[in-house]
Amino acid sequence: MNTRRHQLRGLLTAALIGLSTLAQASIGPAEKPDLKLGFIKLTDMAPLAVAWEQGYFLDEGLFVELEAQANWKVLLDRVITGELDGAHMLAGQPLGASIGYGTQANIITAFSMDLNGNAITVSNAVWDTMKPHLEMDGDKPAHPISASALKPAVEQSLSKGERFRMGMVFPVSTHNYELRYWLAAGGLNPGFYAPQRGDTSGTLQADVHLSVTPPPQMPATMEAGTIQGYCVGEPWNQQAVFKGIGVPVITDYEIWPNNPEKVFGVTETWAEKHPNTHLRLLRALIRAAYWLDENDNANRQEAVELLSRSSYVGADKDVIANSMTGTFEYEKGDVREVPDFNVFFRYHATYPYPSDAIWYLTQMRRWGQIPNAKPDDWYMQTAARVYRGDLYAQAAQSLIDDGVMNASDFPDFDAENFERPYQGELIDGVPFTPREPNAYIERFDIGLKGTETP
């Protein structure tokens with residue numbers, strides 16, 4: 001039976017490779033057709049699920065196993081050791097690894113998985129303390145909500161001799177930097193890292209103490225009182241609303257519209273060893289992202305059905321649909337239209353813009369993960385080394401050449417494509433100047449500047 005199965009699989013592989021080779025003469029057969037890819041149970045892993053379910057991986061001659069991982073550290077470690085061929089990653093993970101923060105490894109990304117998708121949630125008790133300090137729009141709080149409204153709750157904890165604690169998912173996660181950005185914009189210091197002194201807690205001089213909690217455990221950890229709030233991706237903010245244990249106070253779209261979120265990452269060595277496999281993976285993921293956003297999100301309900309399966313996200317369909325289909329619920333019953341809460345393809349979401357990388361690097365420097373000042377050129381060179389728009393363009397151009405997609409679906413690949421378009425202003429009004437990263441860092445009231453070290 002096993003022999004027969006292997007024979008059939010071999011025939012299918014040969015057929016798929018033959019068909020795909022005819023269609024994409026510029027990209028050869030996959031050097032490694034059998035792949036294991038990792039993900040964390042969040043709705044923004046959707047391009048991987050869709051590429052599998054819609055047969056886009058098979059179209060490329062790839063036999064892919066998708067495997068949920070326990071947390072972001074395990075996921076990164078398994079990509080580095082080769083147990084995983086690639087993975088759904090935090091946008092800061094390839095950068096953090098490449099500059100040697102935490103784990104040293106050359107990780108690259110040639111595909112941005114999504115924009116937006118996170119929120120900050122607080123416990124009911126904290127919300128009750130915040131609410132009297134909020135501006136109201138009729139009978140509902142006016143948005144965006146400033147972190148300055150959190151100060152009374154923080155002061156209340158300090159008066160009891162307790163730390164005010166909030167959760168984020170990983171030290172180099174978007175969630176960590178978004179939560180820090182929001183807190184600092186409201187006048188609260190989220191603390192500094194001092195790796196040069198062996199202190200990687202990120203809590204030096206902190207008004208609010210941030211700690212790592214895996215995404216699916218966020219609601220239960222807050223309900224237990226270990227943390228008073230958190231920043232996480234969906235569906236774990238909406239889960240707090242459905243369970244009646246907390247209130248999302250702000251989405252990351254309100255902190256920075258169309259901010260970069262997750263990426264697909266592989267080791268540089270793996271990409272060099274399997275260039276055709278990598279390009280074929282990128283082709284499949286680009287098609288999946290397009291499917292998720294096409295016709296004004298017409299396929300999102302089907303995506304919700306897929307993601308609710310235990311093999312993917314495993315949350316209730318209603319919880320996932322609350323954000324995935326263009327709405328977001330804050331306080332129970334306060335449902336608002338947020339059509340761009342999850343963006344997978346429009347606004348050139350999938351292109352790995354260098355400016356994305358530079359923003360993450362500036363935040364690493366701001367909070368001390370990069371302990372020493374770096375020249376502007378260093379930021380540019382690091383971004384170019386890790387965020388590989390050249391590989392994305394090669395995969396996308398092959399889709400255009402094959403007639404699968406249109407040139408108008410993508411950025412102009414003859415242009416520089418340095419700065420992500422269609423982004424709004426950051427919540428504090430500080431202009432992001434990716435070509436002048438040090439000047440950008442200098443503009444913040446809270447954070448390291450110049451040659452300062454914590």
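A nonpolar core is taken here as a set of buried Ala, Val, Leu, Ile, Met, Phe, Trp, Tyr and Cys residues joined through side-chain atoms within 4.5 Å. Buried means under 20% relative accessible area, exposed means over 50%, and partly exposed lies in between, with a 1.4 Å probe and protein chains only. The structure is a predicted model, in which local features need pLDDT of at least 70 and side-chain atom pairs count only at pLDDT 80 or more, while totals for chains, interfaces and linings use all residues. Residues are numbered from 1 along each chain as its sequence is written, and side-chain values use heavy atoms, with hydrogens and water left out.

The largest nonpolar core holds 81 residues, of which I120, L150, M166, W182, L183, V249 and W359 touch the most other members. With its neighbours within four places in sequence set aside, I120 is in contact (heavy atoms within 4.5 Å) with M166, L179, W182, Y230, C231, N237, V247, P248, V249, I250 and I255. Another core, of 56 residues, lies apart from the largest one and has F39, A110, L279 and M324 among its members.

Helices (H or I, at least four residues) and strands (E, at least two) are DSSP runs, numbered from the N terminus. Helix α2, residues 46-53, is mostly covered, with 6 of its 8 residues buried. The buried residues in α2 are A46, P47, L48, A49, V50 and A51. G55 follows α2 and has a positive phi, near 80 degrees.

A cavity is a set of points where a 1.4 Å probe fits but cannot get out, whereas a pocket is an open set with protein on both sides within 12 Å along at least five of seven lines; lining residues have an atom within 4 Å of a point. Grid points are joined across faces, edges and corners, and a volume is the space filled by probe spheres set on the points. For the composition of a lining, Ala, Val, Leu, Ile, Met, Phe, Trp, Tyr, Cys and Pro count as nonpolar, Asp, Glu, Lys and Arg as charged, and the others, Gly among them, as polar.

The largest pocket has a volume of about 210 Å³. Its lining consists of K73, L76, Q93, G96, A97, Y101, G102, T103, F170, P171, V172 and T200, which divide into 6 nonpolar, 5 polar and 1 charged. Helices α4 (72-81) and α5 (93-98) each supply at least two of the lining residues, and α5 provides the largest share, 3 residues.

The whole structure contains 4 cavities of 30 Å³ or more. The largest cavity has a volume of about 50 Å³ and is lined by T174, E178, Y181, D252, I255, W256, N259, P260, W359 and L426. This lining divides into 6 nonpolar, 2 polar and 2 charged residues. Helices α8 (174-185) and α11 (252-255) each contribute at least two residues to the lining of the largest cavity, with α8 giving the most, 3 residues.

The loop between α18 (389-401) and α19 (437-442) includes R420. R420 is buried, with a relative accessible area of 4%. A polar atom of the R420 side chain lies 3.4 Å from the backbone oxygen of A349. Beyond its neighbours within four places in sequence, R420 is in contact with S112, L115, N258, Y347, H348, A349, Y351, Y353, S355 and D356. Y422 lies in the loop between α18 and α19 and has a positive phi of about 65 degrees although it is not a glycine. At 51% relative accessibility, Y422 counts as exposed.

Q394 is placed in helix α18 and is partly exposed, with a relative accessible area of 39%. The C-alpha atoms of Q394 and R283 are separated by 9.4 Å, with the two residues 111 apart along the chain.

Further backbone features are found elsewhere. N295, in helix α13 (residues 275-297), has a positive phi of about 50 degrees although it is not a glycine. N295 counts as exposed, at 61% relative accessibility. The peptide bond from H143 to P144 is cis, with omega near 0 degrees, and P144 is in the loop between β8 (140-141) and α7 (151-159). A cis peptide bond also joins E234 and P235, with omega about 15 degrees; P235 is in the loop between β13 (229-233) and α10 (236-243).

Conventions. 1 Å grid on protein atoms, 1.4 Å probe; cavity = no way out; pocket = protein on both sides within 12 Å on 5 of 7 lines; lining within 4 Å. Polar contact = N/O pair within 3.5 Å; in protein donor to acceptor, adjacent residues only side chain to side chain.
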